[in-house]
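Welcome! Here is a short tour of one protein model, with its charged pairs as the way in. Take a look at the structure, and then we can go through it together.

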Amino acid sequence: MSEENSHESPFLLIENDQVFYLEKEETNIGRGNHNDLIILDVQVSRTHAKIKEVNQRFLLMDLGSSGGTYVNDTRVEQKILLPDDTILLSGSYKMVFMQDRSNLPPDTKLYSVGISQEKSSLSTTSIKIPTVSFPEDED
């Protein structure tokens, strides 16, 4: 579904065209079904990271993940996010923290992957990551 409204909540830009709005005080990210943003990638931990709003700023926290959480190519335990910060989970899954749409090219079409405010099991969002194939080893 195309997101055409003037939604002004900070968001994560995923794969350059998918949006996950940060509308809750805390957003849990990981592979497990209990997360708000579910990432189906075996390199991402079941409970990987959390983004928490603190005094109108957004704090990214690694939750003891095995692969780590990176901001702008630096591994972090926690970090206040700035607009256009690039977040990598386990060094492979990329998201960009955005405060508004003003830095996007004017013709960018965004597609919402999760904007539900309801506190129910239906408010989670799954994102399918393409399968990566590795060449067979030749002995």
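Lysine 50 and glutamate 26 pair through their side chains in a salt bridge, with 3.2 Å from N to O; the term stands for a side-chain nitrogen of Lys or Arg within 4 Å of a carboxyl oxygen of Asp or Glu. Because lysine 50 sits in strand β5 (residues 49-54) and glutamate 26 in strand β3, the pair ties together parts that are 24 residues apart in sequence. Strands here are DSSP runs of E, at least two residues long, numbered from the N terminus.

Lysine 50 is buried, at a relative accessible area of 19%, while glutamate 26 counts as partly exposed at 28%. For these labels, buried is under 20% relative accessible area, exposed is over 50% and partly exposed is in between, with a 1.4 Å probe and protein chains only. Glu26 and Lys50 also belong to a salt-bridge network that takes in Lys52.

## How the model is treated

This is a predicted model, in which local features need pLDDT of at least 70 and side-chain atom pairs count only at pLDDT 80 or more, while totals for chains, interfaces and linings use all residues. Residues are numbered from 1 along each chain as its sequence is written, and side-chain values use heavy atoms, leaving out hydrogens and water.

## Other charged pairs

The structure holds four salt bridges. One of them joins aspartate 36 to lysine 24, with the closest N and O atoms 2.5 Å apart. Aspartate 36 lies in the loop between β3 and β4 (37-40) and lysine 24 in the loop between β2 (18-21) and β3, so this pair links parts 12 residues apart in sequence. Aspartate 36 is buried at 8%, whereas lysine 24 is partly exposed at 28%.

Aspartate 85 and lysine 79 form a salt bridge too, at 3.7 Å from N to O. Here aspartate 85 is buried, with 6% relative accessible area, and lysine 79 is partly exposed, with 27%.

## Around strand β3

Threonine 27 also lies in strand β3 (residues 26-30) and is buried at 2% relative accessibility. Beyond four places in sequence, threonine 27 is in contact (heavy atoms within 4.5 Å) with Phe20, Leu22, Asp36, Ala49, Lys50 and Ile51.

## The whole protein

The protein has zero helices and 13 strands. Of its 139 residues, 41% are buried.

Note on methods:
Helices (H or I, at least four residues) and strands (E, at least two) are DSSP runs, numbered from the N terminus.
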